[in-house]
Amino acid sequence: MFDALIIGGGVSSVSCALILGSAYKKPFAEDKKIGVITHQKASSLQNAVFNNAYGIPKGKLGSELLIETTNQLKELYPHVEQIEGEKVLRIEKQTSGFLIETNKNKYTSKIIIIGIGAGNPFTIEGLENYIIPHKKAALEKNRIQLKNEDHLVDKGIYAIGVLAGHRSQLSIAAGSGASAATDILTLWNDGKPVQVHDVVNK
């Protein structure tokens with residue numbers, strides 16, 4: 001049983017995983033089991049080059065970022081389990097959490113965070129009741145999002161990135177994943193607001 005399982009390997013998902021992973025020294029997070037299924041990677045990121053994203057060197061390729069950020073997650077926070085080569089097919093709500101079925105395995109998690117993009121049709125069975133037209137995408141693109149309030153779709157279900165209704169912009173997606181992560185950390189901390197920062201030793 002995961003405490004939090006992130007679905008997706010793009011900007012919002014890895015950003016969320018980095019924030020959740022970085023809280024491992026906090027008493028409320030030290031025993032949490034966190035995972036990310038990285039199969040569903042955004043093709044738009046694979047073809048992108050970045051010149052206008054804060055903190056990203058000009059000319060950085062999206063394909064490089066996909067590799068570098070998952071490597072950073074693995075190096076800094078190895079307790080965050082990265083599940084590669086599996087695609088989520090179905091999510092089923094259970095009495096205590098969710099059953100997540102992939103093309104290879106089944107997992108359970110108390111919380112799920114979904115950041116797989118806004119393509120239509122939506123390919124994960126079990127979340128159809130939350131699908132609405134994307135509010136910030138051009139109509140002709142036929143994009144969808146999951147209905148949510150500040151990333152919260154329903155109890156235990158979070159949407160991040162473009163699937164939460166944000167525009168497809170690296171900085172926005174990264175912030176969306178980080179925002180949902182701090183909300184989850186706050187939940188784990190009995191509702192006391194949480195943000196996680198590293199500082200230079202003085």
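Isoleucine 100 stands opposite tyrosine 107 in E8, a strand (a DSSP run of E, at least two residues, numbered from the N terminus) in what is a predicted model, where local features need pLDDT of at least 70, side-chain atom pairs count only at pLDDT 80 or more, and totals for chains, interfaces and linings use all residues. Residues are numbered from 1 along each chain as its sequence is written, and side-chain values use heavy atoms, with hydrogens and water left out.

Strand E7 (residues 97–102) pairs with E8 in the antiparallel sense over four bridges, where pairing requires that DSSP finds at least two bridges between two strands. Three strands form an open, antiparallel sheet in the order E6-E7-E8. Strand E6 (88–94) and strand E8 (106–109) stand at its edges, each with a single partner strand, so one side of each is left without a neighbour in the sheet.

## Helix H1

Helix H1 covers residues 11–22, a helix being a DSSP run of H or I with at least four residues.

Eleven of the twelve residues of H1 are buried (under 20% relative accessible area, with a 1.4 Å probe and protein chains only), so the helix is largely enclosed by the rest of the structure. Among them are Val11, Cys16, Leu18 and Ser22.

## Serine 176

Serine 176 lies in helix H4 (residues 170–188) and is buried, with a relative accessible area of 3%. Leaving aside its neighbours within four places in sequence, serine 176 is in contact (heavy atoms within 4.5 Å) with His151, Ile160, Gly161 and His166.

Methods: Buried < 20%, exposed > 50% of the residue type's maximum accessible area, 1.4 Å probe, protein only. Expected span 1.5 Å × (residues − 1).
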